[in-house]
Amino acid sequence: MFASSMQRKGMTLIGLLLANAIFTGFFFYIDSYSLSVWDYETHVGPATMVITGSEVIHHIEGIRALPTVTRASYLRVSTAQIVPYKTENTTASFHVDSISDGSHLPEALAPVPEELLNMTVRAVCLDEKFVDLFPTINNITAGHLPTGPAEIALSTWVANRFGVGPGDIIVYEHGTNSYYTQLDLVGVYAHEETDTRNPNYYTVADVIVPANLMTEEGREAYSFVDTDRGGFSPFYSDVAISSLSTIEESIRELDPQYSPEKHSFFYIDDILAKGILRYNAWIDSTKTTQLIKAQSFYLFGIIWLGISVRFNLKKRKTIDDWFSARGASSRQITTYRLGELVLLASISVLLSIPIGFLTSRFGFTMDYPQSSYVLQYSSHFFISLDSIVSLMLLGILGPVVMLATFLGVQKARTVAISGSSRLERISSALRLLRWDIVVVSVSLITLVGLWEIGNSIAGTPLLLILLYGAPLALILGCTSLLTKGIGALSRILSRVSNRPAMELGLRRTGRDTTSAGATVLIVTLALSLTWNVAVIDATIPHTNLGHARFAIGADVTLRLDEDTKSLYYSDLIQNISSKPQVEALTRVTVYGFSLSSELQDTVEFVVVDPLEYARVGFDSRGIPIEDSQLMNPLQELEKTTKGAVVTSDIASRLDLIIGDALRAFRQNGTFVETVTFNVVGMVDSVPDSMIGPNGYSPPVPNSDSVSVGKERIWITREYASDILNIEDASMDLICIRLKPNSDGQAFLNEVIESGAHEALNGYAAASSIVRETTQTEQLVIARSLSSFLLVFVIASIPLSYVLYSVDMLEEDTEQGALLRAMGVETSLVKQSMMIEMIGIFVHSLLLLTVFAPIQTNNSMNITIISSNMGLRAFPVAVIPAMPMIPLVILFALTIVCALSVGIVSSMSIVKEDLAMIVHNTWAENLQFRREQ
């Protein structure tokens with residue numbers, strides 16, 4: 001009895017621990033990650049509040065006297081205009097010939113260009129009190145602060161803009177009467193707080209001048225207040241906000257005219273409270289978003305809670321019968337059950353904390369550019385109060401709710417069987433209503449409908465939740481149907497086998513459909529989740545790489561500068577060709593032509609050397625053109641000088657077929673010029689040229705219009721060079737294909753460092769685009785979460801087989817002994833046990849073939865809908881990738897687990913013979929009768 005009790009409690013505890021570790025790992029990771037957000041949002045500099053309003057400076061002493069205020073001071077700000085002049089001892093870049101009016105001043109007083117004349121600046125005068133309290137707001141980097149009546153200091157951005165420094169002359173204009181003063185520039189200062197979350201609060205001073213040069217022109221006042229932040233932490237973020245709000249109210253009460261019903265003349269900008277509120281909003285939003293995305297894992301954990309509670313309830317049946325026979329009431333028995341379950345749940349919550357913590361640490365090493373296992377130890381550790389409460393509710397109340405549900409179902413079934421005819425009719429009606437069929441049908445219809453709706457789901461949280469949840473309802477319904485058919489399916493499989501051990505093992509699989517169904521559900525969901533995560537994690541970068549290559553036309557694309565390309569082009573080509581990473585390169589030129597004589601409907605005519613570009617470009621699936629369907633049209637284009645390959649949208653709009661003439665129009669002086677081409681090919685899309693002065697110009701996210709690679713026509717360079725001028729091109733590019741495993745960004749850096757920037761007006765590398773698009777915060781969090789949560793999912797596969805084996809151990813032992821007593825060989829009994837475990841895997845595999853494709857397709861649609869990468873703008877929204885090695889390993893692991901548990905179970909069930917089992921049963925019944 002003691003061994004059985006320990007077995008029951010141990011297996012229940014393990015199951016609850018697995019479920020709670022999933023929840024704990026999730027909360028630990030999100031909360032720990034949030035500390036970097038907390039640091040960023042609360043890094044507000046030396047002041048927690050900035051107060052505007054000229055009246056507040058009269059109450060600065062009262063503010064300093066407030067509790068928790070550590071320092072407070074103010075700056076008076078006025079506006080003025082400055083004109084800097086270079087002197088002989090400086091290297092300023094302004095010269096006499098830059099003067100717009102053509103006058104000739106001495107070199108010592110040559111003015112700046114006209115566009116920088118009379119620049120309006122904000123001027124302040126610093127007193128010693130402000131410098132002592134807030135020394136880092138204005139920090140001298142060259143020279144010194146003004147000390148005399150004719151001295152001035154400039155901020156670094158003003159000094160850099162004019163190219164002046166200490167020793168130069170500043171003409172300072174201030175006052176309503178345009179009073180000019182010639183000042184000596186004696187210092188340059190930097191705002192050291194520009195690295196804070198809110199740098200604009202500290203850049204109020206463009207110039208520092210003596211007090212006599214401050215006027216009433218544009219007069220403002222900024223009061224900086226710092227408070228004690230010692231007790232502020234993300235764990236008590238609401239307390240921090242409350243404390244700051246109290247200080248704000250105390251400051252407003254210093255205003256003589258302030259009352260709660262009236263407006264105060266003190267405008268308080270609480271920059272620290274704003275940062276904390278942004279942090280709270282971030283963590284709430286991220287938890288909600290990631291909870292929705294990770295709801296499959298949560299369902300997995302909830303299923304484990306249910307299986308653990310069911311196992312405990314089933315294994316307690318014998319001891320509960322003993323309690324009942326000894327006079328215990330049903331309420332007392334329920335109390336015993338509840339007490340044991342709450343105790344085990346509490347222990348599992350406590351044990352899940354270190355497990356969840358350790359596994360969540362691996363999330364910080366998964367997907368960062370500086371990915372390193374050092375981050376596992378150096379990254380922040382934190383768990384919030386909300387998460388602790390959530391873990392307690394999920395870990396303790398969850399099993400209690402599961403117990404109540406199981407007991408309620410049992411009671412309903414008992415009453416229905418032995419109750420009145422009315423209850424019997426209700427029970428019969430419920431049995432007629434096959435909920436599993438309804439769930440499967442509704443979930444499938446819902447999925448298809450949501451897939452058809454498309455991008456509009458992204459703006460509707462309820463529909464997005466349905467999109468995530470519908471596959472989970474589907475697998476529950478499918479598992480229920482499979483469970484009801486396991487017996488029949490097992491008989492069919494056993495007949496097909498025609499082998500005694502296999503037939504016996506498969507029949508044994510179907511003898512307890514409840515236990516087998518739960519195991520099938522766990523194994524199927526584990527395989528499906530792992531499969532899905534592996535496919536999506538491989539698909540996203542694969543898709544991004546294919547899209548990037550298609551969008552820029554190559555691995556690396558350089559956009560030539562229109563003004564300097566003729567000077568540097570030859571040297572640039574020679575420089576690039578000499579790089580060992582280069583496999584092939586070509587020139588691509590884009591012209592804008594109209595397809596109507598009214599000069600409307602402009603499309604891009606792309607000039608290429610067909611076969612040369614085929615060795616460089618990629619199609620819409622990221623396949624090299626020479627291996628894709630675009631190769632044949634390019635070969636036809638190579639043969640036809642006046643040929644054109646048009647995209648299908650143009651062909652459909654103009655009713656073009658191969659062999660038709662295509663006329664294009666453009667303005668040439670005072671008349672419209674016509675150019676004629678012969679259509680030699682039509683394709684769905686051709687590589688694009690999305691390169692601007694700032695590099696890659698991605699398509700608009702969540703756009704339903706397919707635009708990348710459309711409205712484009714390929715023509716040959718041989719024909720274009722006869723009829724077009726290169727100066728008229730709207731874009732001139734060099735497209736480069738790199739050798740495998742080459743780093744595009746490193747190649748670009750080499751090209752730029754060699755002086756190529758003089759000839760370029762933009763550039764992009766596909767590999768860099770992939771890094772940028774896959775390293776967004778939400779994607780990093782989602783990938784990291786799924787990566788370490790899969791540890792629990794994979795660990796559940798052997799555990800589910802062990803739990804099934806333990807659940808059926810008593811029956812297996814009795815049946816094994818009976819079979820051996822009937823003369824069946826021990827080896828056959830052992831084989832049947834192993835086949836039973838393999839049967840579970842076979843049933844899981846059958847369910848997986850239905851569910852996995854739907855789940856993967858749904859995940860692809862979610863990736864398209866919720867992504868901010870503009871996937872729908874491409875002809876092929878998602879380019880699937882199948883990581884076969886991890887998937888093969890996963891299936892091999894599942895089979896090994898099934899065989900291993902089967903072998904261990906088969907060894908245990910042959911230890912006892914039939915006589916011993918009969919003796920034990922007789923002894924237990926005799927003891928029971930004696931105690932009665």
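Colleague: How many salt bridges does the structure hold?
Modeller: Local features of this predicted model need pLDDT of at least 70, and side-chain atom pairs count only at pLDDT 80 or more, while totals for chains, interfaces and linings use all residues. Residues are numbered from 1 along each chain as its sequence is written, and side-chain values use heavy atoms, with hydrogens and water left out. With a salt bridge taken as a side-chain nitrogen of Lys or Arg within 4 Å of a carboxyl oxygen of Asp or Glu, the number held by the structure is 23.

Colleague: How many residues apart in sequence are the parts that Glu340 and Arg8 tie together?
Modeller: The side chains of Glu340 and Arg8 form a salt bridge, at 2.9 Å from N to O. Helices here are DSSP runs (H or I, at least four residues), numbered from the N terminus. Because Glu340 lies in helix α9 (residues 330-362) and Arg8 in helix α1 (residues 2-42), the parts tied together are apart in sequence by 332 residues.

Colleague: Is Arg717, which forms a salt bridge with Asp609, buried or exposed?
Modeller: The closest N and O atoms of Arg717 and Asp609 are 3.5 Å apart. Buried means under 20% relative accessible area, exposed over 50%, and partly exposed in between (1.4 Å probe, protein chains only). Asp609, at 25%, is partly exposed, whereas Arg717, at 19% relative accessibility, counts as buried.

Colleague: Which helix holds both Glu636 and Lys639?
Modeller: Glu636 and Lys639 form a salt bridge whose closest N and O atoms are 3.7 Å apart. The two are separated by about one helical turn because they stand three residues apart in helix α19.
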